[in-house]
Amino acid sequence: MKKKRIWPVSVFLFLLISLFLLSFLPAQQKNPKETLGQWAIHDLNRPLPPVVIPGPPLPPAQPPSDAVILFDGKNLFNWVEAKGQPARWKVEGDYMEVVPKTGNIQTKHGFGSCQLHIEWMTPLPKGEGQDRGNSGVFLMGLYEVQVLDSYENKTYADGMAGAIYGQYPPLVNACRKPGEWQTYDIIFYAPKFDQEGKLLEPARMTVFHNGILIHHNAELTGPTAHKARPPYKAHADKLPLMLQDHNHPVRFRNIWLRELD
Ligand code: MG
């Protein structure tokens with residue numbers, strides 16, 4: 001007699017527990033903005049995105065007619081060091097190369113919202129994780145899209161190539177091999193502040209890595225930082241674009257942007 005009752009109750013309990021467990025699954029499929037909160041900064045448990053092999057590298061394309069040319073391979077006239085001195089990175093062939101310990105460089109002029117094109121190449125592998133081909137593209141000097149050799153080189157997901165550093169891993173790992181040219185096409189919307197300095201709109205980024213979408217309108221939580229997610233602080237509408245000296249001889253070429261309203 002009792003068995004007849006126990007069976008349906010156990011089935012009911014089983015279904016209830018299954019539903020409870022299943023409720024955790026969709027969180028991983030939501031967009032990164034909704035899932036950021038559950039991941040600690042540089043969380044090693046955060047899943048690494050799948051690898052996508054991009055097409056082969058192409059020679060640099062001509063910038064569009066309304067582009068502001070920031071580097072055309074000839075010189076660093078548009079770039080300075082943090083305190084305004086001439087940039088000391090090396091210019092060779094059609095590229096510039098980080099000279100370790102000379103420091104970050106930034107554009108002489110400031111920019112806000114923009115479409116940025118930049119090409120980069122990491123050196124032959126040396127070191128591991130963050131210590132391999134590390135540099136960075138800092139929109140407004142504050143919001144970093146990570147440059148790293150992420151070809152068969154693991155690190156925390158929010159610090160790999162294409163990551164919005166410390167916030168969002170790329171949707172896929174589209175990294176080419178070291179020694180091959182790669183591209184970032186970044187659509188950046190600057191944050192907006194009211195007159196009292198209160199945040200009206202966060203910064204947003206859409207990014208293509210080697211032509212492959214890796215961020216779609218990601219909302220930044222504030223400036224990017226190492227082991228921290230600092231809040232927004234009101235700043236100017238236009239600030240210099242910065243490239244990072246992280247002690248590795250990373251190369252850049254064909255850098256241009258189109259200013260957006
Ligand atoms: Mg970096």
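Strand β7 (residues 135–139) is joined to strand β14 (residues 239–243) by two bridges, and the two run antiparallel. Strands here are DSSP runs of E with at least two residues, numbered from the N terminus, and two strands count as paired if DSSP finds at least two bridges between them. Within this pair, F138 has M242 of β14 as its bridge partner. The model is a predicted one, so to speak of local features takes a pLDDT of at least 70, side-chain atom pairs count only at pLDDT 80 or more, and totals for chains, interfaces and linings use all residues. Numbering starts from 1 along each chain as its sequence is written, and side-chain values use heavy atoms, with hydrogens and water left out.

Now for β8. Five bridges tie β7 to β8, again in an antiparallel run. S135 sits opposite V147, while G136 has Q146 as its bridge partner. Three residues lie between the strands of this hairpin, and M140 takes a positive phi near 55° there.

As for cover, five of the five residues in β7 are buried (under 20% relative accessible area, with exposed meaning over 50% and partly exposed in between, for a 1.4 Å probe and protein chains only). S135, V137 and L139 point one way from the strand, G136 and F138 the other.

Zooming out, β7 belongs to an open sheet of five strands, ordered β2-β5-β14-β7-β8, with antiparallel pairing. β2 (79–81) and β8 (143–147) stand at the edges with a single partner strand each, so one side of each has no neighbour in the sheet. From one strand to the next, the twist averages 30° (axes are lines fitted to C-alpha atoms, and angles run from 0 to 180 degrees between N-to-C directions).

Notes:
Helices (H or I, at least four residues) and strands (E, at least two) are DSSP runs, numbered from the N terminus.
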